[in-house]
Amino acid sequence: MTLATTPSTTTMAAPAVRVSGVTVRYGDVLALDGVDLALTPGRVCGLLGTNGSGKSTLFKTILGLVAAERGRVRLHGHDPAAARKAGLVGYVPQSEQVDWAFPVRVVDVVMMGRYGHMGITRRPRRADREAVAEALERTDLTGLAHRQIGALSGGQRKRAFVARGIAQGASVFLLDEPFAGVDKRSEATIVEVLRAMRDDGHTLLVSTHDLASVPEFCDEAVLLQRRVIAQGGPEEVLTPDRLFEAFGIEAQPEEDTR
Ligand SMILES: Nc1ncnc2c1ncn2[C@@H]1O[C@H](COP(=O)(O)OP(=O)(O)OP(=O)(O)O)[C@@H](O)[C@H]1O
């Protein structure tokens, strides 16, 4: 599941997302401590860290769902609330955060991405239906469009949320553990979709526990442990010393995956 190297010209572009000195607390719990992060447009960045290292909190802060005590977040120059209102950011949540019993079809989930484009009546127009059809096509879900979301496999559900972001016209995608509970075939399909999005200039931040796969599908990686331990190319970030600092174990990516 290899993503081709991004053209070097993109490395000079202004960041699509800039997180500057962000500190977040839940009561007494310090979840993020002065986090600095810059995401270059048209790249896939892997977000790595132990359980409780702050990955989901970082996503929620970028989305504007959690308020930072200090620091600031900008998405293409906008604050999180404005970016969300403009539909600039697509979010694929962890599976546990979604009520799969909710009686809604795949096509309805994807149409939710169009709400910001519709009037208050939320009546889809031709352009909305076309955008949804295209997003379903790109995520290989056309044949499942009328199935209940709860009746999909884990990988298909993830793709439905990616399709929602595509229909929305998002340019930044935050994916929280998109490969968790997903079989190899679905994983390969998701990686294909992410590659196509990246090649179209979208910016992707992808949290994963699968260290070995990071050099294969990410252009860069961030190691998080409440603060950023390292950000850069996977080979410069995933060193034994840094992995030990982040995970407290002698973990390192398998050599044959590089
Ligand atoms: N709503 C909340 N109230 C109180 N503490 C919270 C809340 N959400 C998260 N935390 C705490 O903040 C810290 C960071 O949690 P977060 O969910 O961001 O970690 P994570 O890296 O996403 O973990 P995981 O890999 O298990 O999903 C943890 O110590 C967690 O217990």
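## Contacts and overall form

Among the contacts in the protein between residues at least 6 apart in sequence, 69% join residues at least 24 apart, where two residues are in contact if their C-beta atoms, placed from the backbone, lie within 7 Å. This is a predicted model, in which local features need pLDDT of at least 70 and side-chain atom pairs count only at pLDDT 80 or more, while totals for chains, interfaces and linings use all residues. Residues are numbered from 1 along each chain as its sequence is written.

The protein has nine helices and nine strands, where helices (H or I, at least four residues) and strands (E, at least two) are DSSP runs numbered from the N terminus. Its radius of gyration is 18 Å, close to the 18 Å that the globule rule gives for 258 residues, so the protein is as compact as a globular protein of that length; the radius is taken over C-alpha atoms, and the rule is 2.2 Å times the number of residues to the power 0.38. Along its principal axes, the C-alpha trace spans about 55 × 40 × 40 Å. Of the 258 residues, 43% count as buried, meaning that 20 or more other C-beta atoms lie within 10 Å of the residue's own, whereas 12 or fewer make a residue exposed and values in between make it partly exposed, with C-beta atoms placed from the backbone.

An open sheet of three strands has the order 2-1-4, with antiparallel pairing, and two strands pair if DSSP finds at least two bridges between them. Strand 2 and strand 4 (70-75) stand at the edges with a single partner strand each, so one side of each is left without a neighbour in the sheet.

Strand 1 (residues 17-26) and strand 2 are joined in the antiparallel sense over seven bridges; within strand 2, Leu37 is the bridge partner of Val19.

## Around the ligand

The residues that surround the ligand include Tyr26, Val29, Asn51, Lys55 and Thr57, a residue being near a molecule if its C-beta atom, placed from the backbone, lies within 6 Å of it. Strand 2 (29-39) and helix 1 (55-63) each supply at least two residues of this shell, and helix 1 gives the most, with three residues.

## Lysine 184

Lys184 has its place in helix 6 (residues 184-199), and Lys184 counts as exposed because it has 10 C-beta neighbours inside 10 Å. The C-alpha atoms of Lys184 and Gly155 are separated by 9.4 Å, although these residues lie 29 residues apart along the chain.
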